[in-house]
Amino acid sequence: MKILKYVLYFIVGFVVLFLAVGLIKPSVSYGHEIKVNKPVEEAWAVSQDESKYSQWLEGFKSMELISGEKFEAGSKYKVVVNPGEGQPDFEMTETIVSIKEFDHVTMTFDSDFMDFEQTINFSEADGTTTVKSDSKVIGKNIFTRSMFALMEMFTGAFQKQEAKNFEALKKLIEENTTDYYPAPSEAAEEEALSTE
């Protein structure tokens with residue numbers, strides 16, 4: 001009987017400790033920085049190219065505009081991701097909070113079990129572009145907050161995933177062959193001049 005009492009105390013103590021972690025650390029902050037030998041305009045264009053999201057955002061499946069003007073502040077999207085093999089897809093609502101071409105984009109993501117905030121900053125110096133992320137995840141309840149805090153504390157799960165995604169973006173930018181800013185053809189230039 002005494003053993004049962006101690007086991008019960010242990011279980012209660014463990015649950016209290018687990019939940020306390022979520023109260024002490026309700027959010028997890030992390031980020032990653034990459035440097036690429038490409039101009040900031042190209043780095044920005046690759047990162048904003050929806051057709052390439054699945055090549056650097058692990059688990060990304062689709063994105064659909066719900067409201068607002070595409071890629072403008074206030075616009076909302078339904079984003080579908082898959083967390084891993086054998087796991088069901090889940091949906092998030094993305095909102096672009098702030099965006100300035102070649103400089104930054106700030107987004108929030110809302111799902112059933114978490115809120116996620118991310119800012120990606122771009123800067124160029126001496127022909128090298130720096131892309132830096134600042135991210136924060138917040139569980140929707142005390143259980144998910146504790147779980148996220150412990151995941152990051154013991155495995156660095158969020159930081160590792162961020163690094164993996166942004167290193168994939170670095171590779172994508174450096175190997176990019178898409179001309180996002182083609183020079184106008186001579187015929188187009190002549191036509192523009194003749195209409196002036």
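Which helix gives the largest share of the lining of the largest pocket? I found that helix 5 does, with six residues.

Before going on, I noted that this is a predicted model, where local features need pLDDT of at least 70, side-chain atom pairs count only at pLDDT 80 or more, and totals for chains, interfaces and linings use all residues. Residues are numbered from 1 along each chain as its sequence is written, and side-chain values use heavy atoms, leaving out hydrogens and water.

**Entry: the pocket.** I looked up its volume and got about 1,000 Å³. A pocket here is an open set of points on a 1 Å grid over the protein atoms alone, where a 1.4 Å probe fits, with protein on both sides within 12 Å along at least five of seven lines; lining residues have an atom within 4 Å of a point. Of the 39 lining residues, Glu 58, Met 92, Phe 116, Gln 161 and Asn 165 are the closest to the centre. I sorted the lining by class: 28 nonpolar, eight polar and three charged residues.

**Entry: helix 2 and helix 5.** Next I checked helix 2 (residues 40–48) against helix 5 (residues 157–174): their axes come within 10 Å and cross at roughly 120°. The two helices are therefore oblique to each other. Their crossing is right-handed. Contact (heavy atoms within 4.5 Å) is made by Glu 42, Ala 43, Val 46 and Ser 47 of helix 2 and Leu 169, Leu 172 and Ile 173 of helix 5.

**Entry: helix 4 and helix 5.** Last, I looked at helix 4 (residues 142–155), which packs with helix 5 at about 70°, the axes 6 Å apart. That makes helix 4 roughly perpendicular (65 to 115 degrees) to helix 5.

Notes. Axes fitted to C-alpha atoms, helices over the stretch in contact; angles between N-to-C directions. Helix = DSSP H or I, 4+ residues; strand = E, 2+ residues; numbered from the N terminus. Parallel < 35°, antiparallel > 145°, perpendicular 65-115°, else oblique. Left-handed = near helix turned anticlockwise from the far one by under 90°. Points joined across faces, edges and corners; volume = space filled by probe spheres on them. Nonpolar A, V, L, I, M, F, W, Y, C, P; charged D, E, K, R; others polar.
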